[in-house]
Each structure stands twice: as structure tokens, then as C-alpha cells.
Amino acid sequence: MYSESSTDKPLPLEGITVCDFTWIVAGPQATRILADLGADVIKVENESYIDSMRWGQQVDPENPSFNGSGFHNNFNRNKRGITANLHHPLGREIVERLIKKSDIVIENYSAGAFARMGFSWDRIQEINPTAIYISLSGFGHTGRDKSYITWGPTAAAVSGCTQMSGFPDKEPAGWGYSYLDHTAGYYGAIAALMALHHRKNTGEAQYVDISQIETGMVLTGVPLLDYQINSRRYERIGNRSRYPAVAPHNTYRCKQDNKGRDSWIAITVEETLQWNALCDLIGDSRLNDDPRFKDNESRKNNEDILDEIISEFTIENEAQSLMYRLQSIGIPAGMCQRTDDKMESDEQLSFRDFYPSAPHDHLGEHRYEGYPAKFSDARWKMERGAPLLGQDTFDVLTNLLEYSPEEVANMIAELAV
Amino acid sequence: MTDSTTVGPLEGLKVLEIGDLAEVAGKLLADAGARVIRIEPPEGAKSRHQGPYVDDIFDVNHSLRFAASNTSKLSITLSLNDSRSEELLVKLFQDVDVILDGSSIGTSNNILMNAEHVLELNPEIIWCSITPFGLTGPWKEWHSSDLVQLALGGPMMSTGYDDHDLPPIRSDGEHSLAIAGEYAVTALLSALWLRDMNDDKPGQIIDVSVHEAVSATTEGAFANWEYMQKIVLRQTGRHAAPVRMSPWQYPCKDGEYVLMMGGGIPREKKIFDQLLEWMDEYQATGDLYDPSYVEVLYTDPTMNVEIRNHVSETIGRFIQLLPAEDVYRRAQDLHLPWGLVRRPEENLDDPHWKEREFWWEGEISGYQSTVLYPGAPYKFEKSPVYLRRRPPLLGEHNYQIYAGELGYSQAKLIAFAESGVV
């Protein structure tokens, strides 16, 4: 039912064209989803507004290249890439023709920047009244602070997500990467699909204004309500669980892994059966007989000593094999995996072919993160890596945008592309 | 007639939600105008049994956990493990576009909960399953929790403190459910698009894996390994990286933290000069006026780490002299992407979000006043996404759906209720 190899299954978004002015991470994450699902995403760049992530994480730092970033490659796979010089009338005309052909126009510049480049919402509507416009910015396109700018960690800080991470007696741990770049990207793709549905039902195109910080604020609903109703200010909880108040619920240190690195396992016990199974496995009389651990409430009240005893057991064990043993007796457990664990020894990700490979014209054949769903009667694709800078200019201009080869040659001569 | 200004982008879409892993996906659809009926077991969904509660007193209708993820939905009760529920389910499946199935494998043992069987009943249904590890594979029946998902998927090993005697950290907020829910919505809306744009492409089954969704949400850690065989190390309040970097986050004069993105060094020399002027007002430039710093920061392609760390730490010492709010505002005025590390509730008073009409004022069962719910992160110009109704009471819509729409008599309904089916 779920065989991925059969390319005769349809790509759900085949036929959708996206004019993609996104860069860095959040915007490219949105269009990556659309491209994986089959939309023809045309990424527009120029040397004066290049995606700066092309310089990030160069695979060969001695020989840096626009096309040498694995990071950029992973976020821009399956897209096509063109260049257009917006300072040249012919370059502007290319973008206008592309907008005319597009179902969706999307960008993630600072508020107002795309309009200053000549593409306000009014102008987009003039060019193509059926085009949907999605903007992704830090604070949104309205409001007092709309000129403020964010990267993922800035948005996490302001939204409250950074505060909600770490120990109560230590500073906030935050997120160790730009989580809200992913999240803003996910909401960007959701908004594009919702707007397509609305257009399908009503014929109406529209503008959608997305704020990256708001994509983080929607994840803080519980503390927001708790503050308003119970006057409780948010306090961090480490890896324990306040709601539901269950114990044990923590990460426990294991033996160093075979590469000599620190190693940890997450264990959560929510039911009596699981607690009994855990006690049997650990086999420590201090757990079985002590009234401090007799029920969940007692365990919660004595969590420090409980976690200490469990740690004495886990430190003698190797995380991965302990995870299998705990799972086999019905206890939710998982080792804290690093990327090499996920990519080289995670049996589940491997079974489901989560890291398919595809060619890239500069970096060669590489694996990519998959799209996390399988369809019974459709598919997502992993066809090609990110476009080299301007790789598809000729193809897109002559086929999709109906320029003649002579016209394209002239544009090249005039530096319009 | 519906007022055209209140027609959401998904108006007309009919969704049934079951299980506990689809809450976020269901909320996203419901707030956007889809009619989402949550089918709960007679004792109520799991999140109704998780606090916090209004006034800290347990009541299935007063859970703030439930409220946060169930706005705009309808609630009916049905015991899916009871074979007598079949009759009701068959009727419910007659007129629905999407089934959001967040029940873990093994719990939905009712024959009708078998997706392929339901598709025979109504071939236009998009059945979107969200399970911890997917419907196939060696871990498909493994036990899971949010903590386990953030451990296995990778976010934790990138998050924590410089001190690696402290464990990797799971950020609070059930993020694995959010991530999977967001991906599920992209998948099911795409499948709906395919269905609706083609006469011959009916419904289908979608298999969303929480583990995969989280695994795809770790930014740079993936490429570091795939291209350079490097592993990133967790660091306090900043990006995990293959090598240790200087801090990005400092406590200011009032004890509140400010995040200086990337360690605070501006990307443009012009802004660096303005930052130095600001620091100079407090005699806090240290030795940064030495021109060799500018040279290294803005012309040296090797990005000398020692120099950058020194500059960054000097800026960090400076911001500790001022109140956090002042640092944040002045930095943003200089186009520096720095952020105040706020508690969630501190956003409630920020005029910016009020001007954007971000908050949704609404009711919550058990509480006298209205509350502000976080709204949607997207503003649709023509088809607003908004709070359709407060989170439903348990089984609040049993009568409306079973009697009003499916045509059961009151007597029959009472009989169902007494026998524990609804």
C-alpha cells in the first residue's frame, strides 16, 4: 500500500506553481513542503539578493561556493532556481511573467521589503488577480513593532518558547536551533494550502500575513491560560512533567556510547502497570518496598530520590539496548539520539526509508530528510537537490515563461538574469 | 446564510477527530472554519484528565490543557471499543471529508475503525492517521510520550546547557504533538486538493509518523552529519554547534535575559559602528575601537573564532549594564535581531499583539470572566481564522448530532448512554 518506489502515484500538488522569494530557513522550509508534494517551486535569486544560506555550512570551506552548502541543499531540494536582475527592466519583466503564471507568491523578507522591491500586494493583484500572496516575517506586517527583525532564536525568545526550556534554578536553555524557523515554515505551507482551498471554493485569491513570533506564541496556550485564570507565572520544569503530574518522568544518564560520548535515556511512567514493570526490571528493593514510591502521588513527592535510584541503574546500562528492553515490557522509553544515531542506527527510520538520496550537481549524491507522511494513493518526491544558482533559468524562461532562446540570450548579454 | 466576512478558508470541510494525537491538527482545521467533531470516549479525552484546571480543581470540563488545543470543535462521546458503537459510526462516516485518527495502534480495535473498511463505506474520505512511529516498521507498536519523541527525534541532543553533566533538555509544551499536527495538516490538505481537482482521485489513507515529523525538525544538525560527519554539541541558550561558541544570552541589570542573535555581532560594519556608539555612552566599548577588530569581522573570510568570541563577550558585558527591555528596544532600533527572553504571559500586555488583534477573547467552562486565547499565527485577508466557539464540554453535542442530525430518538439516546456506548 505504501510502496514509495512507484512513481505512477500522483504528486498531490502537481500543477501548482510557486513564485518563491524566500531565503534563510523559515521561507525555504515552507516551500520545501510544497515542492516535496509536487508543486513547481521556482526560487528567484540574484547576486544582490541571494539566499545567504548558500554560504552557510560550506561542505568544503577551502573552496566556498554558492552551491557548496549542504544546509541550503537540504532545505531547497526539489525546487527549480532562476536568477532575475530587478534593477533591469527585462529582469523585472521575468518576475512579472512568473507571478502571472503562479498560484502562490511567497517571501520571508522583513516587513515592507518586498513592496520596496516593487511587489506590493496591490501590484501582485494587478499582475495576477488569482495569485495568493503569503508573507512570513518576524512580527507580521502590521502593529507597532512591525519593523523589528527576527531570526529563529529571536522569535523563540520573544514568544515565550525559550523561557519554557530548562531547569527552574538555571537560566533558560532555549532551543538549540531555530525551531521557530521550522514552525513558521510549517504554518507558511498550511496557510498556502488553506488559501488554495478558499480559492477553489470561491474563486477568490488573498493575502496572508504570517508572524514568526506568533507561530511560537500559539504553542504557549497552557501557561497563558494558567496565568490568566490561576495567576500562576510560568516556571521551568527540566525534563519532568507537571501536567500530568507523573513520576518517574525524566532523562537518565547511561553508559558512555561506543564513541565515548555522554548518553541519556528518556523514561516516562504514566500507569501502575508500567511502574511495576520498571521495578521488576531494575530489581532494586529500595523501589519495591519503600512507601515513598507506593503510588504516583508518593513518587511525585519524592521525585529527587526516585530519579537518583533510577540513575544508579541506568548508568550501568547502554542506552540503546536499555531502550529496547524497556519498550519490550511496555514502558515508554527512548534514548536521546544524535543525528548519527538517527541516520545510521534507527531501525524505524531506516525501515521507512526516511532518508532517501538524490543527486545534486555540485555536491553529488546525498541523503535528505524525508517528508514525514506516507500516502496510500499519492506520493511525495525526492528527485533532485537544491538548484545551483540560476541552474534552471534557461529552462524556466523558455518553457514556463515562453521566452524565445534569442530573448534569453539577449537578457544574458544585458545582465538582466 | 453565512456572513461572507466570517467564512474561513476551510468552510464546508467536515472532519471527525478521534484519539489523542490529533488534537493540534484538529484545532488548526476547526479554527479555519472546518466543522470538526471530536469523538471522545465517554470518560473524556486524555487531555481533559491533565491539568492545570480552572482554580486547580479537577473537572473534565475545566482542563486548560484540553482548552488550549480544542477551540472551535464540537464534542460527542462514543465508546469505540464497544461493538454497539458500529451503528453510530456507520452513520457518522456517511457525510465526512476527513477522519483525523490520533489513536495509537491497538487501541482502535473496533472493526469499523479499520481505515480500509471505512474507505469502502465512503470512498471519498481522507483518512489521516497520526501515530507515534507510523503504521509500519519494527517500532510501530512502541510506547511513546512527548519526552520520548523529543529524545528519539533529535531536538533534545541539540538543546540544554554547556555543562554536559546536565542532561539534554526537552522544551516544555508538547511540541511533538504540535509538529506532527502541523505536518498532518499539510498532508491532508494536499490529499484533499488532489481529490477535489480530479474526478477519478477519491479518498485515501495518510500515515503520519510523529517520530519522523520530529526527526525532520532539527535544522542544521542533519547537514552537519550528512555532509561533514560532524555532531553538534548542546550549549546554553544558543545553537548547538560542532565547536563551542561564546554565549548569546545574558542576564541584564534587572535579571531578565536578552538573546543576542549569533552572539551579537552585527552583519554590517555600519551597524557595528552604531553599536559601538551606543556602548560608548556607557564607557563599555572595552578595546573594540581598535581597527583590527573591524578588519577581522568584516573582511576576513575565515571568521576568526577567537576574535569573534572576544567581541561578542565584550558586547555581552555591556548589555548587563542596562535593563533588558531597553537593550531589546534599542538593539531592534539598530536593526539587530535581538530578543527579550519573555515568559509566555508577558506577551499579554504587549501593544504590538493587541494592534494585530492576535488574541481571541472567549469563554472557558468553569470561569466567570472571558480569557484571551492565543489566536492564529496567520492573518487571512478575506477568510478569517478565528475562535468559532469555546472548547466543548464533554459530549456537549451528543444531542445535536445523534438526535438532530442522525435522527435518533431521545429514548434511543438515553438507552445508548445508559449502556455506556455514548
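Into which domains is chain A divided? I found domain 1 (17–219 + 356–413) and domain 2 (254–349) in chain A; the bounds come from an automatic or database domain assignment.

Before going on, I noted that this is a predicted model, where local features need pLDDT of at least 70, side-chain atom pairs count only at pLDDT 80 or more, and totals for chains, interfaces and linings use all residues. Residues are numbered from 1 along each chain as its sequence is written, while chains are lettered from A and ligands numbered from 1 in the order in which they are written.

**Domains.** I looked up the C-alpha centres of the two domains of chain A, and they lie 41 Å apart. Chain B is divided into domain 1 (4–216 + 354–418) and domain 2 (245–341). For chain B I noted 44 Å between the C-alpha centres of domain 1 and domain 2.

**Between the chains.** I then turned to helix H7 (residues 179–202) of chain A, which packs on H6(B) at about 25° with the axes 9 Å apart. Helices (H or I, at least four residues) and strands (E, at least two) are DSSP runs, numbered from the N terminus. Axes are lines fitted to C-alpha atoms, for helices over the stretch in contact, and angles run from 0 to 180 degrees between N-to-C directions. That angle makes H7(A) roughly parallel to H6(B) (under 35 degrees is roughly parallel, over 145 roughly antiparallel, 65 to 115 roughly perpendicular, the rest oblique). I logged the contact residues (C-beta atoms, placed from the backbone, within 7 Å): among them are A:Tyr186, A:Ile190 and A:Lys200 of H7(A), and B:Glu182, B:Leu189 and B:Trp193 of H6(B).

**Within chain B.** I followed H6 (residues 175–197) of chain B to helix H1 (residues 23–31) of chain B, where the axes come within 7 Å and cross at roughly 50°. That makes H1(B) oblique to H6(B). The contact includes B:Leu28 and B:Leu29 of H1(B), with B:Gly181 and B:Ala184 among the residues of H6(B).

**A sheet in chain B.** Last, I found an open sheet of three strands in chain B, in the order E9-E10-E11 with antiparallel pairing (strands pair if DSSP finds at least two bridges between them). E9 (249–251) and E11 (339–340) stand at the edges with a single partner strand each, so one side of each has no neighbour in the sheet. Two bridges join E10 (residues 257–259) to E11(B), and I noted B:Leu340 as the bridge partner of B:Val258.

Notes: Contact = placed C-beta atoms within 7 Å.
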